[in-house]
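Please keep the sequence and the model in view while reading.

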Amino acid sequence: SPPVDGCWGPPAGDLRTFSQCPNGGGVFGQWVVDGYGMPAFRYTMDERTDVRAVWRDQLNAQRRDHFIMMGNRRVNFMATNEGYVQLFSNDRAPTWLNRFHEGQMNLGGGFSYVAEGGQVFATAHRYAPMGASFERLFGSGYVEQAITHQGLRVVHRIFAPFGDDALLLDDVEIENLEDRPRTLTHHEYWDVNRHQLLLEWLRVGVGVTPSDNGRDAFNGNFTQQVTYDATSKVLTAVMNVAAGQNPPLPTANHREDWYPPPVFLAALSGEVDAVWGDQDAFFGAGPPALPAAVVTPPAQGALLPQTNAQLQPAALVMRTPLGLAARQTVKLRFAYGYLP
C-alpha cells in the first residue's frame, strides 16, 4: 500500500531514481521530479500579492525575493523567484558582477523584453504583467522560468556549464501558441554592476547602507565602457583605472581589487540587429518594466562611451528580430560571463 503522505521513497536497489512527492514544499510550491529525472522545486506562490512571501532584512525593510545559489567549479549565481539572476565571482575577490539594485536601475539579468505591434512585456516575474501565467522551476544546477502572455510562451533556462568556465548559459525558447504568424523582437537583458564585498569588521543594521555606499564609491576610481564585436556578436563592458589613480600591482596583497574583469554577453545563436551598452539609452524615462528603447524602438542601439563607473552605467542588451509561423517555436542561446 502507498505511504500515508503519498510519497514513495527511492527503490532500495536504485538510489538514482527519484519518485514524485508533492508534499513538503510549504506555502511556496512543491517538489517534483523534472524532465532529467532529478529533484526540482516548482515555485507557485505569487510573491507580489501573497503576504506570506514577505520577510525583513537587517535594515527592517520588507523583501519578497526568495533565492537559491547554484554554480560550477568556477562561478556561482543567485537565481530568484522575481526572475533575475546575479553572477558571483571569487577569482580575485568576492564580487557580484551584476548586483541587483533597482534604485540605480541595475536589474541583474537573465530575462528579456518582448515587443510585438506596440505591445511590450518583460519575462521577469517582478516586471511582468499581472495577467500573465508563470512557471518557475529551480532544478539541480539550473533555473527555468516561463511566462505565457498574449499568445506567446517565453522560457529562460539558465545554468553554469559543468567545469570551470566563467560564464552562464541562457537557453531561450519563444513559442507561438496561436494559429497565425507573428512578427516580434526579443531583447536579451543582462546588467553590469560590479560590487566587491570589501572586508569590513562591522557590517550590520544601520551600518549596511554606508558600507554599500562605500563599495559603490570605490567604483568611482574607474571608468566604464562598452564595445561590440558584430562579427562574433559579443558585447563587452570594461572597467579601467581612472586617470590620477595609483593602483597596487596586480600581484600585491590588497584589500581592494583594482583589476575587475571584462564582462560580456555573447549571442551564440540567432540574429542580432541592435545592441545597447548604456542603461540610460535603453531605459530612457521608462520604468524597468517598459524600457523606452523597446516601447519606441530606434533603428539602432547605443553603446556606452568611456564614463565614470561609480553608479555602473553599463548594461548589455541584444535585440533579435523574430518571425514565427503558426505554432512555431524558436530557440536562442546566450552566454553571460567574464574574462578571467
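Which residues are linked with Glu-116 in a network of salt bridges? The network joins Glu-116, Glu-178, Arg-180 and Arg-182. A salt bridge here is a side-chain nitrogen of Lys or Arg within 4 Å of a carboxyl oxygen of Asp or Glu. A search of the whole structure finds 20 salt bridges.

The model is predicted, so local features need pLDDT of at least 70 and side-chain atom pairs count only at pLDDT 80 or more, whereas totals for chains, interfaces and linings use all residues. Residues are numbered from 1 along each chain as its sequence is written, and side-chain values use heavy atoms, with hydrogens and water left out.

Another of the salt bridges joins Asp-257 and Arg-194, with 4.0 Å from N to O. Asp-257 lies in the loop between β18 (234–241) and β19 (263–269) and Arg-194 in the loop between β15 (182–191) and β16 (195–196), so the pair ties together parts that are 63 residues apart in sequence. Strands such as these are DSSP runs of E with at least two residues, helices are runs of H or I with at least four, and both are numbered from the N terminus. Asp-257 and Arg-194 are both buried; the term means under 20% relative accessible area, while exposed means over 50% and partly exposed lies in between (1.4 Å probe, protein chains only).

Two further salt bridges involve partly exposed arginines. Arg-63 pairs with Asp-57, their closest N and O atoms being 3.3 Å apart, and Arg-63 has a relative accessible area of 29%. Arg-255 pairs with Glu-256 at 3.8 Å between the closest N and O atoms, and the relative accessibility of Arg-255 is 44%.

The chain as a whole can now be described. The protein chain has three helices and 23 strands. For 340 residues, a compact globule would have a radius of gyration near 20 Å, and the 21 Å of this chain agrees with that; the radius is taken over C-alpha atoms, and the globule rule is 2.2 Å times the number of residues to the power 0.38. Along its principal axes the C-alpha trace spans about 75 × 50 × 40 Å. Buried residues make up 49% of the 340 residues. Of the contacts (heavy atoms within 4.5 Å) with a separation of 6 or more, 64% are between residues 24 or more positions apart.

Single residues complete the picture. His-149 is in strand β12 (residues 142–149) and counts as buried at 16% relative accessibility. Leaving aside residues up to four places away in sequence, His-149 touches Phe-121, Pro-129 and Ala-132. Gln-150 is in the loop between β12 and β13 (152–159) and is partly exposed at 33%.

Most residues other than glycine have a negative phi. Met-105 also has a positive phi, near 60 degrees; Met-105 sits in the loop between β8 (95–96) and β9 (109–116) and is partly exposed at 22%.

Finally, Arg-16 belongs to the segment before β1 (29–33) and is exposed, with a relative accessible area of 75%.
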